[in-house]
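Hello,

Here is the structure I promised to pass on to you. Have a look at it first, and then read on for what turned up in it.

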Amino acid sequence: MDICSICHECIDDSTPTARLDPKGCQTLLDINSKRGLQLKAAPGDIVHVQCRKDFTRPVKEQDISVTNNVIHILLEV
Ligand SMILES: [Zn+2]
């Protein structure tokens, strides 16, 4: 079973997913290092489309409607 590199939850067939290409992966890692996070992603990893959107979206305090772990982590930085 594949695991999303961002939220670490299992990938199931009912959730849209994306496979990271080298460029997309680098984008995630850039954000990761800017925010001091611990994301581990490599080209070819699978992520939820929604997770990637949430992760790459500029974080504005007023604009947090998502309550998953990733967003909580971002808020604590
Ligand atoms: Zn995910």
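A word on terms before the findings: pLDDT is the predictor's confidence in each residue, on a scale from 0 to 100. You will need it here, since this is a predicted model.

Over the protein chain the mean pLDDT is 82, with 75% of the residues at 70 or more. Among the elements, strand E2 (residues 46-48) has the highest mean, 96, while helix H3 (residues 69-76) has the lowest, 54.

As for the fold, the protein chain contains three helices and two strands. Starting at the N terminus, their order is β-α-β-α-α. Of the 77 residues, 13% count as buried. If you take the contacts with a separation of 6 or more, 62% of them join residues 24 or more positions apart.

Helix H1 covers residues 22-34, which makes 13 residues. From first C-alpha to last it reaches 18 Å, close to the 18 Å expected at 1.5 Å a residue. After H1 comes Gly-36, which has a positive phi, near 65°.

One more residue may interest you. His-8, in the segment before strand E1 (17-19), has a positive phi of about 65° although it is not a glycine. Is His-8 buried or exposed? His-8 counts as exposed because 12 other C-beta atoms lie within 10 Å of its own, and the cut-off for exposed is 12 or fewer.

Best wishes

Technical notes: Residues are numbered from 1 along each chain as its sequence is written. This is a predicted model: local features need pLDDT of at least 70, side-chain atom pairs count only at pLDDT 80 or more; totals for chains, interfaces and linings use all residues. Helices (H or I, at least four residues) and strands (E, at least two) are DSSP runs, numbered from the N terminus. The expected span of a helix is 1.5 Å times one less than its number of residues. A residue is buried if 20 or more other C-beta atoms lie within 10 Å of its own, exposed if 12 or fewer, and partly exposed in between; C-beta atoms are placed from the backbone. Two residues are in contact if their C-beta atoms, placed from the backbone, lie within 7 Å.
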